[in-house]
Amino acid sequence: MIEWLRRLRAAFGASFLWLVCLIYFTQGFRSFVWTAVSYQLKDTLKLSPSSSQFVFSIAFFPWSIKPLYGILSDCIPIKGRKRVPYLVIATVLSLVPWPILGLNAMSRSSMWLLMAFLTVQNLGSAMADVVVDAMIAEAVRHERASFAGDLQSVSWLAMAFGGICGSLTGGFALSNFDIHTIFLLFSILPSIQLLSCGLVEENSVDSEAFAESKLRSSQGVNGNHSSLDEESFSEKKSNTSITRRKKSKKGSKNKTVSSKVQVSGKLDSLASQWFQSLKAATFSLCRAFKQPIILRSMAWFFLAHISIPNLSTVMFYYQTEFLNLEASFLGTARVVGWLGLMLGTLVYNRFLKRMELRRILMWSQLGLAFLTLLDIVLVSRVNLTFGISDRIMVLCGSALSDAVNQFKFMPFLILSGQLCPPGIEGTLFALFMSINNLGSTLGSFVGAGLASVLSISSGSFDNLLLGIVIQVLCIFIPIAFLFLIPKEATGISA
């Protein structure tokens, strides 16, 4: 293990590895503060489950437009650099909302203000995620390509470790600190991330050199004109002093105009180059996405999200208000969920890589339907008849559902990587992830709408059982559309 880390350090540098691990650790550690956000919406703002689900859906929308951040960082460099400046901007956006929410009571006491700050924070987190993915992709090119899997493994381990730490400490913090203090404590990590951005060096892009060469050529042309003017002016020096003064004023005006033309030409050249880069990237992205194999596959994953109402926020209200489960226990349940996710990744890589993706996805949907039946058992209180405690049901459901969801997510990652044409892998992969995130967001909207229609609210869970039954039935809908997935696609080849 130590030797492996030493090889990675020699290949990429300690500062780069530190920044990558820190960003992914922070992404996982977000569970520390978002648990507090859930309690803020429920206990302080007294929002209904559907309203809380609506706030989360809006706040997480920036994760659905990740290709926009990728295209901007790819095509519009800031002072000749495409990654670190955008990473700084993203870190500032993810940092600033937390001190404001921690210090300003009004900002966290208004649903709309809180939702706005949470949306800005997710904008920064999503942008940082895209930028660091691009930095990893660039770092493993050419001679370091053999380290691609190792660097990705480090990233996932850092995020999983962050998730476990965030879930464990989040429940403890809620039991011992005020919510505004938790917001302030979490701001420490983005602050360290902001300082760490200065440790990574980034070379200027070739476009800046190109712009400078264009500028030098234009300066050369302008210089020739000015020298001709000066020669013409010197030939007429024998004229009267009045003529000389007029010519001198005219020459100074010409130089001023010439400098303005140079600056204007530089700006026009950069703007034109940025526009052409944006146009080419957008065209390539659209052309690739129109391919039937890509469009149909992504359509299935999108459908698999929007066709199933997400009732996670409703279940959070039920667990905390009706079952009276403590925040510390729910944090432990999330830790078990992270362990289940890691177990799912291990099982998939060990046993399921050669299985057809259609079969994996079909069994994943059936597994999700079975695990949702555990929620029916929990809500109907049948588990107590058999002497099974509510805590056991929640722990098992959390761990197993996250493991099964990973069986479903791993084929998505593999298929996305296989379908990406060369040249725009990063941006197209970001688009695939955005489609997945957008589907999750819309599924949350569907869940909020279902909770509202069934009049499920804080303290009123009479129709929750019906809502879960509807959710189970909807899980079978994507199975009918598995023909959209390439028939022979497996975890190795598509």
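This is a predicted model: local features need pLDDT of at least 70, side-chain atom pairs count only at pLDDT 80 or more; totals for chains, interfaces and linings use all residues.

Biologist: Is Cys197 buried or exposed?
Modeller: Cys197 counts as buried, at 2% relative accessibility. Buried means under 20% relative accessible area, exposed over 50%, and partly exposed in between (1.4 Å probe, protein chains only).

Biologist: And what about Cys396?
Modeller: Cys396 is partly exposed, with a relative accessible area of 39%.

Biologist: OK, salt bridges. What's the count?
Modeller: Five, taking a salt bridge as a side-chain nitrogen of Lys or Arg within 4 Å of a carboxyl oxygen of Asp or Glu. One of them joins Asp129 and Lys66, with the closest N and O atoms 2.8 Å apart.

Biologist: Where do Asp129 and Lys66 lie?
Modeller: Asp129 is in helix 9 (residues 111–139) and Lys66 in helix 5 (residues 66–75), so the pair ties together parts that are 63 residues apart in sequence. Helices here are DSSP runs (H or I, at least four residues), numbered from the N terminus. Asp129 is buried at 10% relative accessibility, and Lys66 is buried at 5%.

Biologist: What does Glu326 pair with?
Modeller: Arg391, at 2.7 Å from N to O. Glu326 sits in the loop between helix 16 (312–322) and helix 17 (327–352), and Arg391 in helix 20 (residues 390–419), so this pair ties together parts 65 residues apart in sequence. Glu326 is partly exposed at 37%, and Arg391 is partly exposed at 34%.

Biologist: And which residue does Arg381 meet?
Modeller: Asp390, again in a salt bridge, 2.8 Å from N to O. Arg381 is partly exposed at 23% relative accessible area, whereas Asp390 is buried at 13%. Salt bridges that share partners also join Lys42, Asp43 and Glu321 into one network.

Biologist: Switching to confidence: what's the mean pLDDT of the chain?
Modeller: The mean is 78, and 75% of the residues reach 70 or more; pLDDT is the predictor's confidence in each residue, from 0 to 100. Over residues 207–243 the pLDDT is below 50, and that stretch has 19 contacts in the model beyond near neighbours in sequence, a contact being heavy atoms within 4.5 Å.

Notes:
Residues are numbered from 1 along each chain as its sequence is written. Side-chain values use heavy atoms; hydrogens and water are left out. Helices (H or I, at least four residues) and strands (E, at least two) are DSSP runs, numbered from the N terminus.
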